[in-house]
Amino acid sequence: MITFSERFIFVQENSNLIINVHRINGHDGDVSVRCRSLQQTAESGTDFLGGEQILSFHDQVGKISVPIQIMMTERNFNRVFEIELSEPGGGATIGPIPRMAVSIKHDDGRSLGRASNRFAVPITGDFSISHREERLSLLKPNQNENLKPKRKSNHR
């Protein structure tokens, strides 16, 4: 099964984005998948360098990283494009997240220091989707009551 690890990410203009495509539920044999960019409000060639390619996962390979150049433009608004996985080969199937939306944050030049980094969401590591779902379930509001900080008493 071949999938993305995220459905939606943010990225700054004028950056290099690395998209990781994961092979889950087994790594035996050679499989492939078609990966292509889909224009939405972001345009290929203007806002990002898109296209399509066949990704080949060789035996025991669990992740392929795809670089995408995000360009600086004069367009004064945030833009979005998608990346789609399709046409699996070699017995593979498409996993639970077949499309990833990428939101390009407009950089008006006023971002300073660390604040500009808050829009970049790194996609790193080799992990399984089931681990991610377990981690997210810990953050449900009805389950995290014990995680709230306790008030300190001023009594001596």
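Which side chain meets Asp47 in a salt bridge? The views below give the reply and its surroundings. This is a predicted model, where local features need pLDDT of at least 70, side-chain atom pairs count only at pLDDT 80 or more, and totals for chains, interfaces and linings use all residues. Residues are numbered from 1 along each chain as its sequence is written, and side-chain values use heavy atoms, with hydrogens and water left out.

**View A. Asp47 pairs with Arg79.** The salt bridge (a side-chain nitrogen of Lys or Arg within 4 Å of a carboxyl oxygen of Asp or Glu) spans 2.8 Å, N to O. Asp47 sits in the loop between S4 and strand S5 (52-57), and Arg79 in strand S7, 32 residues apart. Strands (E, at least two residues) are DSSP runs, numbered from the N terminus. Both partners are buried. Buried means under 20% relative accessible area, exposed over 50%, partly exposed in between (1.4 Å probe, protein chains only).

**View B. Arg7 meets Glu82.** Their salt bridge is 3.1 Å, N to O. Arg7 lies in the loop between strand S1 (2-4) and strand S2 (8-12), Glu82 in strand S7 (residues 79-89), 75 residues apart. Arg7 is partly exposed at 42% relative accessible area. Glu82 is buried at 8%.

**View C. Arg36 bridges to Glu84.** The closest N and O atoms are 2.8 Å apart. Arg36 is in strand S4 (residues 31-39) and Glu84 in strand S7, so the pair ties together parts 48 residues apart in sequence. Arg36 is partly exposed at 27%; Glu84 is buried at 13%.

**View D. A network of salt bridges.** Arg7, Arg36, Glu82, Glu84 and Arg99 are linked in it. The structure holds 9 salt bridges.

Definitions and conventions: Helices (H or I, at least four residues) and strands (E, at least two) are DSSP runs, numbered from the N terminus.
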